[in-house]
Amino acid sequence: MNLPLFSTTDDPGPDFAGLLRRLDMSSGPGVASTGTAPAQGFRHGTTVVALRYAEGVVMAGDRRATEGHSIAHRAMEKVFPADRYSAVAIAGAAGPAVEMVRLFQTQLEHYEKVEGVVLSLEGKANQLGQMVRAHLPMAMQGLAVVPLFAGFDLARQTGRIFTYDVTGGHYEESEFNATGSGGRDARTTIKLGYRDGLARDEAVELAIQSLYEAADEDSATGGPDLIRGIYPLVATVSAQGFTSVEESEVAERFAALIERRRQEGRQP
Amino acid sequence: MTMPYYVAPEQVMKDRAEYAQKGIARGRSLVAAIYDEGIVIVADNPSRSLHKISEIYDRIAFAGVGKYNEFDQLRVSGIRHADTKGYAYSREDVEARSLANLYAQYLGQVFTHEMKPLEVEILVAELGDELRPRQLYHIAYEGTITDEDRFAVLGGETESIVERLEESYRESWPLSEALQAAVAALAGPERVLEGAGLEVAVLADGNGRRAFRRITGDELASLLL
């Protein structure tokens, strides 16, 4: 590799994706000719949720990846830190989704280092939107990636959530949202328990409940795997930055949830 | 057609070296030192926004003295090199040695082939790990590269600063001692450098994946006490 130097009149600036294109290193979407059958035999990630609470946002995702009707992976990670004050969760075709997250993380850090300042939360959300839009040709082939972006806005001192569609359109959510195959069940569960200004513990509990219900209804969403000890990933983003919720805490909350249901005589 | 006058190559190189040295000597100096838990870099720089020290990658920092626009261009290309390499391979494959070599080659190339040499001196610092030792790579305007495992001094009038640091240097000293010695060495006997006129950053474990951290304000003041 050589030193990437550009003349001042055609410098790519702080844009990492642009830099990769300039260096012919871009892993941009391969465009298949129209009319081909949708791609098959790739891994699919499922349910992720995000909701606001008093000090920021909670984000959570199940761990299952499917390939057609079989389980491809039991411990996939779908919730990632995007940078210190934001998180990104993914649903859809696992390969391109994880690649998109890697590019997004590098892009945010690259901007910060080159410019010496951090992008605004709105700026980060826009960047991710552009990446999703660039992915549209592959989405048309059935390899859609639908991320969920949430972070703590340092200027406004509040947590914010953004959802996306395959065209790269992004929409700010005022309360919560979920995406992926079990997203609808997760959303309904959160809706029943949500109110403004939830405490951190209440919000984490609600996220866990929503994934539990989604796993109960949707075959592609993995619930808590008590035998292998694999639990959904939960993280919070607040003024203290991105923090993963300890696996032991998640495990305890699931155990308590199941125990509660049993004592109440309800279906677990 | 007029023939250009013949100038001996020795003379050309000498003139260029003199030109670059003069440019570098106009600016203020910079010191980097290895201490017990990391690497501290101290620059005599009153600006809060035009940095001489910055982050390149998880465990690599960059510092430059001389002409700002020239070393800033090198800084950005270093970030680009590191980020593309980490993206194409993996984060642990990014290392300071290869970056320092690229810088040295580029500076050497410009020195011998371009009209004007770059009026800069740069430092690439790497906080080591189990696989690599802590290292300071000092690269001069003509592409000479030296690796230091105690401290490095960049700038025009470095002899006296090096002397002062040689005197105070101690193996695995703590951050506050290393910082104070670096500041005293930069200031010299006649001047007093205070927090507001200094740019200080460290590469140290305990800052998470990204080891680079600026030290400013109250934290800097308390370390200088």
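In this predicted model, B:Tyr57 stands opposite B:Ile60 of strand S4 in chain B. The pairing of S3(B) with S4(B) is antiparallel and runs over four bridges. A further partner of S4(B) is strand S5 (residues 120–126) of chain B, again in the antiparallel sense, this time over seven bridges. Within that pairing, B:Ala63 has B:Leu123 of S5(B) as its bridge partner.

How many residues of S4(B) (residues 60–66) are buried? Seven of the seven are, so the strand is largely enclosed by the rest of the structure. In a regular strand the side chains alternate between the two faces of the sheet. Both faces of S4(B) are covered, with B:Ile60, B:Phe62, B:Gly64 and B:Gly66 buried on one side and B:Ala61, B:Ala63 and B:Val65 buried on the other.

In helix H4 (residues 159–168) of chain B, the buried residues include B:Ile161, B:Arg164 and B:Leu165. These three cover an arc of only 95° around the axis, which puts them on the same side of H4(B). An α-helix has 3.6 residues a turn, so residues three or four places apart point the same way. On the face turned away from this buried side sit the exposed residues B:Glu159, B:Glu163, B:Glu166 and B:Glu167. The packing partners of the buried residues of H4(B) are strand S1 (30–35), strand S8 (151–154) and helix H5 (175–187) of chain B.

B:Val31 and B:Val42 are the residues with the most contacts inside the largest nonpolar core, which has 144 residues.

Turning to chain A, strand S7 (residues 86–93) is largely enclosed by the rest of the structure, because eight of its eight residues are buried. A hairpin of two connecting residues leads from strand S6 to S7(A). S6(A) (residues 79–83) and S7(A) run antiparallel and are joined by four bridges, with A:Pro81 opposite A:Ala87 of S7(A). Strand S8 (residues 145–153) of chain A pairs with S7(A) over seven bridges in the antiparallel sense. In S8(A), A:Val145 is the bridge partner of A:Gly92. A:Gly92 of S7(A) also stands opposite A:Gly45. This belongs to the antiparallel pairing of strand S1 (residues 44–45) of chain A with S7(A), where two bridges join the strands.

Chain A further contains an open sheet of five strands, ordered S11-S2-S3-S12-S13 and paired in the antiparallel sense. Which strands stand at the edges? S11 (176–179) and S13 (241–244) of chain A do, each with a single partner strand, so one side of each is left without a neighbour in the sheet. On average, neighbouring strands of this sheet are turned by 15° against each other, direction ignored. Inside the sheet, S3 (residues 56–61) and S12 (residues 233–238) of chain A pair antiparallel over six bridges. In S12(A), A:Val234 is the bridge partner of A:Ala60.

Helix H5 (residues 183–193) of chain A lies across S2 (48–53) and S11 of chain A, at about 160° to S11(A). Another helix of chain A, H6 (residues 200–217), holds A:Ser210. Is A:Ser210 buried or exposed? With 29 C-beta neighbours inside 10 Å, A:Ser210 counts as buried. Apart from neighbours within four places in sequence, A:Ser210 is in contact with A:Val49, A:Ala178, A:Ala186, A:Thr189 and A:Ile190. A:Thr189 is 21 residues away along the chain, yet the C-alpha atoms of A:Ser210 and A:Thr189 are separated by 5.1 Å.

Finally, the two chains meet in a contact that takes 15 residues from chain A and 14 residues from chain B. On the chain A side, helix H1 (16–22) and helix H2 (94–115) are the elements that give two or more residues. H2(A) provides the largest share of that side, four residues. By type, the chain A side divides into ten nonpolar, four polar and one charged residue.

Terms used:
Residues numbered from 1 in each chain as written. Chains lettered and ligands numbered in written order. Predicted model: local features only at pLDDT ≥ 70, side-chain atom pairs only at ≥ 80, totals over all residues. Contact = placed C-beta atoms within 7 Å. Nonpolar A, V, L, I, M, F, W, Y, C, P; charged D, E, K, R; others polar. Pairing = 2+ DSSP bridges. Axes fitted to C-alpha atoms, helices over the stretch in contact; angles between N-to-C directions. Buried ≥ 20, exposed ≤ 12 C-beta atoms within 10 Å, placed from the backbone. Arc of directions from axis to C-beta. Core = buried A, V, L, I, M, F, W, Y, C linked by C-beta atoms within 7 Å.
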